[in-house]
Amino acid sequence: MTDGLVFLGLLVPPLIGAATVLLGRARARHAARINAATLPVSLLTAALAANALAGGRAPFESGDIWRLDSLSALFALLVSGICTLAIWLGPGIHADDDLARARARTFRVYANLFTATMLLAVTTSNLGVMWVAIEATTISSALLIPLHRTAAAVEASWKYLLIGSVGIALAFTGTVLALVDYSSTGGAADLALHWPSLLAAAGTLHPEVARLAFVFLLVGFGTKAGLAPMHTWLPDAHAEAPAPLSAMMSGVLLAVALYAIARWKAVIDLAAGTSFTDTLLIVVAVLTIAVGSLSLFAQRDYKRLLAFSSIEHMGLACFGLALGPAGIFAALLHLAMHAAGKSAAFLLSGRVLARFDSHEIAGAAGLLAAMPATGGLLAAAAIALAGLPPFGLFLSEVLLVRAGWMAGHTVVTGIVLALLLVAFGSLAYHLHRLLFGAPAAGVRIGERVGWSMAILAAPLAVLAWVGVSVPAPVQLLLERAVEVLR
Amino acid sequence: MHPSFALLTMTGASVMLLSTLVVLWRRHIPAYISAFRWQSLALAFVAAVVAWHTGARELYVVAGLMLGFKGMLVPSLLRRMAARFPGQQELQPLVNTEASLLISGFLAIAAYEVARPLTAVVSLPTRGGLPVALALILISVFVIVNRRKPITQIVAFLMLENGIALLALLGAYGVPLIVELGVFLDLLLGVLVMQAILYRIPVAGAAAPLAAAAAAPEQP
């Protein structure tokens, strides 16, 4: 495979998808079908590239801008996989009236652009371009939150846009501070912000400036990743957004922001030692896990419940990043498994909302009786997110806790374990309330099991497969991704 | 090196900081927009001075873009946005004017403290302005948190971006051109999306949400 082709194969399909929908106004349904066929090209490219990289191939490179190593390939795979699911199950293919059709078109155009910006963020070697791409994720997704134009959704999107933009501006401040450090200590100007060059020159960076830069970077990208105390936009945005967008934001957008932190941490660690970044990450991680898991019990809205669970899981992944190679391995596995489980849960929540017309857990009680297939899959997803076997999140959480123990953080790991138990209890309580009981009067009972249920079951099948035994290529890809960051 | 180079960049940086302070003590939204315009012109001036000093042609391009985008296009977009919302006054900041000025003073001192390792490591003649750029960044964040009107928050956000651009210019003679172009694109699209969302607030209901738009949702 030629190196340049990989980048075309990843980035062009979502752009073609957006263009098709934009130009194919008159034949919206056909455009939506073509769109359903474009993103799988990105997914296939990502899978082939990931497989080659897991087999020991050198990173794909093209110019000074494009670079796909094992870490990038892992995230490209996640982004293209989850976004394919969202596009397949998103509005548009069944839309009937004109209003629904116009909204479906809006959704498809921006969802494709959103996918392209996330793929750009993980396939570039220039940390400045990565920043530009992550800023663009905010811009391309903000208009989709108020797709149904309720006042609460508009308010949530404003909050998301403002907090996200300010956060990401602080990340740019950190990027510029690191650039100033690099160019003042003799770095080559034409390769400024080029990740491999920055990594090679990291030993000569001024440690104090590097630390200052990392504080800005952590606050900035941490805002996008939903790390506490910068997480305040997240529950509103995830609850108000249409379900496929919630799936994309929670499943992969948060992970891409943590990817940016991981890339920068590798540079700063070489400049200023690991203890500074590790300590900061652990403090933020424990706070985030606490905010996420302690908020779960009080939730009444099932999408907000899922949103707070995302905060908890991002905290766990952040904790792993601070625990050395074993921890990074667990964190990456955790992010991948969370992407699968949470996106399935959000997509299913969209079906629940369509049937029960209520955001409240109490309003959707009796789910299992009304929608046996959706209810069953949602139960499986919730069990996975609560960290129970046989799903992959159980495995990654065990590995995380073990890494914490091995790294000598006994007390902190004990606190994390206790918070995990709280999260498990709260999720189990809410799941029980949602599944059982009698559905409200007027809710249609029974559902047809079609192709969309098979698509929704796919990520859960992956979760169970990895949970039982990690497939060899996945194991290899993760190990090589960890090596990239060392 | 031309002896006036450091002086000229420092003057530009100071004008930029002063225009942020305008937002602290004025209450009239058009005044904020023209303060932002003056700040952007000062930024373009600094970029042009650095381009003249280093002879880097791409920096002239960047200076031109700053002049066109931030100095002319974005202020006119902001004026149109401001005209759509009733009430040109910023009424209820969380912290009053006197306290705001005091806090900004503390932030400026903090910026000098934070910038100490930075000025030690940078050897460019422009390094004297680095604390000014950091102060600009910190004060802009404070204004965003302190103010309630969406339009004031947008202006302060744009001032924050100007501060970062100033930091890059003074500390490293700018970011790579491709990144700079991406930043411009993001900035323009970002302002358009912010405008689109603000315009949707009245669409979601009738007249009442208009008042809500003016008061804005609770902030971070």
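Me: Leaving aside neighbours within four places in sequence, which residues is A:Trp264 in contact with?

Reply: Quick housekeeping: this is a predicted model, where local features need pLDDT of at least 70 and side-chain atom pairs count only at pLDDT 80 or more, while totals for chains, interfaces and linings use all residues. Residues are numbered from 1 along each chain as written, chains are lettered from A and ligands numbered from 1 in written order, and side-chain values use heavy atoms, leaving out hydrogens and water. Contact here means heavy atoms within 4.5 Å. On that basis, the partners of A:Trp264 are A:Leu127, A:Met130, A:Thr175, A:Ala178, A:Leu193, A:Leu198, A:Leu217 and A:Phe221.

Me: Which residues touch the most other members of the largest nonpolar core?

Reply: A nonpolar core is a set of buried Ala, Val, Leu, Ile, Met, Phe, Trp, Tyr and Cys residues joined through side-chain atoms within 4.5 Å. Buried means under 20% relative accessible area, exposed is over 50%, and partly exposed sits in between (1.4 Å probe, protein chains only). Out of 264 residues in this core, the ones touching the most other members are A:Leu68, A:Phe221 and A:Trp264.

Me: And where does the largest share of this core come from?

Reply: Helices are DSSP runs (H or I, at least four residues; strands are E, at least two), numbered from the N terminus. With 20 residues, the largest share comes from chain A's helix H10 (residues 243-272).

Me: How many salt bridges turn up over all chains?

Reply: Side chains of opposite charge can pair when their charged atoms come close. The test is a side-chain nitrogen of Lys or Arg within 4 Å of a carboxyl oxygen of Asp or Glu. Searching the whole structure gives a salt bridge count of 11.

Me: Is A:Arg67 buried or exposed?

Reply: A:Arg67 forms a salt bridge with A:Glu61 at 3.6 Å, N to O. A:Glu61 is partly exposed at 36%. A:Arg67 has a relative accessible area of 15%, so this one counts as buried.

Me: How many residues apart are A:Arg300 and A:Glu360?

Reply: Their side chains meet in a salt bridge, 3.7 Å from N to O. A:Arg300 is in the loop between helices H11 (274-296) and H12 (302-321) of chain A, and A:Glu360 is in the loop between H13 (324-356) and H14 (367-370), so to speak a link between distant parts of the chain, with a separation in residues of 60.

Me: What about A:Arg351 and A:Glu447: how many residues apart?

Reply: This salt bridge has its closest N and O atoms 3.2 Å apart. A:Arg351 is in helix H13 of chain A and A:Glu447 in the loop between helix H17 (410-435) and helix H18 (451-468), with a separation in residues of 96.

Me: Which residues do salt bridges with shared partners join into one network?

Reply: A:Arg67 and A:Glu61 have already come up as a pair. The network is made of A:Glu61, A:Arg67, A:Asp69 and A:Arg263.

Me: How many disulfides are there?

Reply: A disulfide needs two cysteine sulfur atoms within 2.5 Å. A:Cys83 is buried at 0% relative accessible area, and A:Cys318 is buried at 0% too. Over all chains, the disulfide count is 0.

Me: How much of chain B counts as buried?

Reply: Chain B has 9 helices and 0 strands. Among its contacts with a separation of 6 or more, residues 24 or more positions apart account for 80%. Of its 220 residues, the buried share is 55%.
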